[in-house]
Amino acid sequence: MTDPRYNYGPADPQYPQHQGQPQYGQGQPHYPQGEPEPKVNVGKLWAGGIGTAVVAALLVVVAIMLIRGVLGIAILSPEGAGAYGTVSTTSYAVAAAAAALLATALLMVLLLAMPSPLTFFTWICLLLTAVAVILPFTLVADLDAKIATAAINLLVGLCITTMLSSVGSAAQNTPRQAGY
């Protein structure tokens, strides 16, 4: 129980005053003098971009092995080429990794220059994914190979979009308020 004769609050002379520290809800956060904190953690962004490139390349390899080996659809090479296919499978995986790295570069530019960069990034990536899904249907190939290629392109596009959106969010340096 408290003694009503004493004022137990910030005005009480028994409480030491914390000088130089902002009180809850007052003032701006205090940052050391010198250069301002960068808006984007570039190292974290590119590390996430490289990780996304590896995941996208492996996704292509796994999807092609599934489609060729399990479903028996001849995609990117003749039927007798085995579950992995030919060098075109490797080229497809490298292209997926390159697309992830290009998307990382785009994300970096957007983070540095745009308002709501993740919104713009998501829309750009989804529209490019739509182009990649439609593209196989403009080529001369069997319908099942067109559908399989479009499905792989959709998976890779969604993988790159979601992973890099998460990376971009984590790479943003937002000032924290004092007391949190």
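This is a predicted model: local features need pLDDT of at least 70, side-chain atom pairs count only at pLDDT 80 or more; totals for chains, interfaces and linings use all residues.
View 1. A polar atom of the threonine 149 side chain lies 2.8 Å from the backbone oxygen of alanine 145. Leaving aside residues up to four places away in sequence, threonine 149 touches Ile75, Tyr92 and Pro136.

View 2. Pro117, Phe121, Cys125 and Thr129 are buried in α3. Seen down the helix axis, the buried residues of α3 fall within an arc of 90 degrees, so they line one face of the helix. An α-helix has 3.6 residues a turn, so residues three or four places apart point the same way. Trp123, Leu127, Val131 and Ile134, on the other side of α3, are exposed.

**View 3. Contact between helices α3 and α4.** The axes of α3 and α4 come within 9 Å and cross at roughly 170 degrees. The two helices are therefore roughly antiparallel, the term being used for angles over 145 degrees. From α3, the residues that meet α4 are Leu118, Phe121, Thr122, Cys125, Leu126, Thr129, Ala132 and Val133. Their partners in α4 include Ala150, Asn153, Leu154, Gly157 and Leu158, as well as Thr161, Leu164, Ser165, Gly168 and Ser169. Among these α3 residues, Phe121, Cys125 and Thr129 are also buried.

Technical notes:
Residues are numbered from 1 along each chain as its sequence is written. Side-chain values use heavy atoms; hydrogens and water are left out. A polar contact is a pair of N or O atoms within 3.5 Å; within protein, one must be able to donate a hydrogen and the other to accept it, and residues adjacent in sequence count only if both atoms are side-chain atoms. Contact means heavy atoms within 4.5 Å. Buried means under 20% relative accessible area, exposed over 50%, partly exposed in between (1.4 Å probe, protein chains only). Helices (H or I, at least four residues) and strands (E, at least two) are DSSP runs, numbered from the N terminus. The arc is that of the directions from the helix axis to the C-beta atoms. Axes are lines fitted to C-alpha atoms, for helices over the stretch in contact, and angles run from 0 to 180 degrees between N-to-C directions. Angles under 35 degrees count as roughly parallel, over 145 as roughly antiparallel, 65 to 115 as roughly perpendicular and the rest as oblique.
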